[in-house]
Amino acid sequence: MSNPQTFQIQEISAHPGPVPGQGTQRAEEVCKYVDVTTCIGCKACEVACVEWNNHPFRETTFDDTYQTMPTTEWNYWNLIKFAEDERDGNLMWLMRKDQCMHCEDPGCLRACPADGAIIKYENGIVDFQQENCIGCGYCISGCPFDIPKFHPKTKKVYKCTLCSDRVGQGLEPACIKACPTGCLHFGTKSDMVQIAGLRAKQLREQSGFADAGVYDPQSIKGTHVIYVLHDIKNPERYGLPANPTIPASYTAWKWLAKPTGLLLAGLGVLAVFFHRISVGPRLPQPEDPPPIEPQPDTLEEKRKEQP
Amino acid sequence: MSVSVDRFDERARREADHFGKTVVHRGELLRHPVYTRVLHWLVAISFVLSLLSGFAIYSPMLFKFLTPLFGGGPMTRFLHPWFGLFFEVFFLFQFLNWLTPMMWTDADRRWVKRVKQYTSNEARVEPEDVGFFNGGQKLYFWAIVISGMLFLITGVLMWFDQLVWRWLIAVSYVVHDLAALLMLAGFIIHIYEGTAAMPGTFRAMTNGTVTEKWAWTHHPAWYRAVTGRDSREAYEREKHRQAERERALANWERERDTPERR
């Protein structure tokens with residue numbers, strides 16, 4: 001929902017032809033780094049998100065956990081997920097900030113059939129443009145993280161913008177600004193990967209979390225929100241897919257099989273046209289005989305006949 | 001069930017004839033009653049609307065071309081499932097109406113075997129066993145039935161996508177497209193056969209009648225069934241009549257020309 005002038009666009013959903021200005025400007029890839037090991041579940045980021053985006057405070061759902069509601073919503077883009085887990089016979093409370101991952105290979109953008117409804121900037125932010133959204137919901141099934149949410153009243157889909165309106169002005173996202181423990185970081189992708197790697201190393205070597213690691217799934221070419229997890233071998237424990245993928249119907253099917261289908265349809269139309277031209281029609285039999293008197297074909301013949 | 005369906009169709013045809021009519025002139029046969037014609041065009045209109053609005057969403061290449069026809073992207077998205085639903089409902093009635101004549105027979109198997117001669121136009125008159133519908137028409141009908149069911153199932157899943165799993169939506173999306181391509185292939189052939197390929201056919205769906213000549217050429221068994229006359233014989237008689245007429249004309253011409261030459 002930002003001003004597209006701010007960033008250079010890298011990809012446009014369902015856009016045939018080149019992206020205007022693609023690759024003409026230098027842009028750093030941005031990244032949020034979430035260190036779940038230092039998250040205390042205070043939900044300051046949730047509030048900051050609601051405030052910055054001017055969303056109304058909505059009803060919460062109590063389901064015997066500290067979680068505000070079961071999933072993110074169309075006007076609640078940032079949600080701390082609380083998972084109760086066990087480690088060495090003791091309770092371990094896993095708190096993870098759930099939001100759009102801003103994938104390098106975004107499933108929502110691949111799935112979208114509306115030209116310009118989803119755009120990806122050179123800096124890696126994936127942003128929905130509601131004025132172009134047709135509300136079909138394909139992005140919802142294209143997303144491996146269940147993030148885009150449909151608003152039945154406006155019939156549009158909404159999700160986290162990575163505060164593209166703030167980032168465009170040189171500010172960090174609102175959630176980062178609000179975090180009291182410093183578990184949220186924002187910067188370039190390379191910097192974030194580096195400090196996340198250092199933190200994971202520290203956890204492995206000094207804190208006894210032998211499986212600690214960085215969650216930056218390569219099955220979708222990496223994300224622009226990365227996590228440091230206590231146990232990188234089981235991201236499912238945090239509600240994250242180990243190998244997030246985009247359905248082939250939104251990749252191979254859309255860009256290979258569909259144009260082929262259109263081509264075949266076009267060839268079919270040409271085929272019947274040339275069938276008519278070459279083979280000719282099937283007339284009711286027996287065909288009517290030719291006209292009784294052969295008509296003089298040219299003016300020349302007509303002139304000759306005259307006395 | 002089939003008895004009650006038949007009774008329903010009979011009644012529908014009768015009722016439709018009350019506010020519409022089909023004029024059958026001499027030398028013509030009634031091909032499609034009012035009820036069938038109205039249904040056919042309701043199915044056709046809703047199909048074309050579904051096809052155009054669907055194609056807008058089907059391919060990024062067509063999005064900008066086709067969405068303006070329906071008032072922009074969101075409106076296209078809103079209308080498409082409704083067009084589809086209308087298509088399904090109208091076709092359901094046509095399905096019941098045509099179920100009996102569309103039953104597959106041995107004659108259709110033979111028709112499919114000689115489809116090459118049919119398309120190359122080698123045999124000018126269809127074989128004696130081709131009835132009200134030929135094998136190709138029946139294939140198209142059953143292709144619509146199959147893709148119609150696929151459209152309905154996958155379409156409803158995509159319409160209420162919040163209620164089912166993500167992978168099911170992704171699969172539905174592909175199946176919906178395949179059904180559309182199958183129907184489009186049949187649709188192109190259908191329009192061609194009904195107009196340019198076989199002159200005298202289109203009026204069967206507008207006026208509701210066809211000439212007897214058309215009937216014994218394209219649907220001999222049906223011609224025999226409704227007239228009680230042998231189609232081959234009728235064809236030969238017409239050929240004979242034509243030859244006679246030509247001979248008579250030639251004679252008349254010769255007689256007219258002779259005095260001048262003397």
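Start in chain B and select helix α7 (residues 135-159) together with helix α8 (residues 166-194): their axes come within 9 Å and cross at roughly 150°. Helices here are DSSP runs of H or I with at least four residues, strands are E runs of at least two, and both are numbered from the N terminus. Axes are lines fitted to C-alpha atoms, for helices over the stretch in contact, and angles run from 0 to 180 degrees between N-to-C directions. The crossing angle makes α7(B) roughly antiparallel to α8(B) (angles under 35 degrees count as roughly parallel, over 145 as roughly antiparallel, 65 to 115 as roughly perpendicular and the rest as oblique).

Before moving on, note that this is a predicted model: local features need pLDDT of at least 70 and side-chain atom pairs count only at pLDDT 80 or more, while totals for chains, interfaces and linings use all residues. Residues are numbered from 1 along each chain as its sequence is written, with chains lettered from A and ligands numbered from 1 in the order in which they are written.

Now show side chains between the two helices. Residues of α7(B) including B:Tyr140, B:Ile144, B:Phe151 and B:Met158 meet residues of α8(B), among them B:Ile169, B:Tyr173, B:Leu182 and B:His190. Contact means that two C-beta atoms, placed from the backbone, lie within 7 Å. Colour by class and you get 14 nonpolar, seven polar and no charged residues (Ala, Val, Leu, Ile, Met, Phe, Trp, Tyr, Cys and Pro count as nonpolar, Asp, Glu, Lys and Arg as charged, and the others, Gly among them, as polar).

Next, bring up both chains. The contact takes 38 residues from chain A and 46 residues from chain B. On the chain A side, α7(A) gives the most, with ten residues. That side divides into 23 nonpolar, ten polar and five charged residues.

Stay in chain A and pick out the open sheet. Its four strands come in the order β9-β2-β11-β10, with mixed pairing; two strands pair if DSSP finds at least two bridges between them. β9 (184-188) and β10 (213-215) of chain A are the edge strands, each with a single partner, so one side of each has no neighbour in the sheet. On average, neighbouring strands are turned by 25° against each other, direction ignored.

Zoom in on β11(A). Four bridges join β2 (residues 30-35) of chain A to β11 (residues 225-229) of chain A, and the two run parallel. A:Lys32 has A:Val225 as its bridge partner, and A:Val34 stands opposite A:Tyr227.

Which way do the β11(A) residues point? A:Val225, A:Tyr227 and A:Leu229 point one way, A:Ile226 and A:Val228 the other, and all are buried (20 or more other C-beta atoms within 10 Å of their own; 12 or fewer is exposed, in between partly exposed, with C-beta atoms placed from the backbone).

Last stop: the hairpin. Nine bridges join β3 (residues 79-87) of chain A to β4 (residues 90-98) of chain A, which run antiparallel. A:Ile80 stands opposite A:Lys97. Two residues lie between the strands, and A:Asp88 takes a positive phi near 50°.
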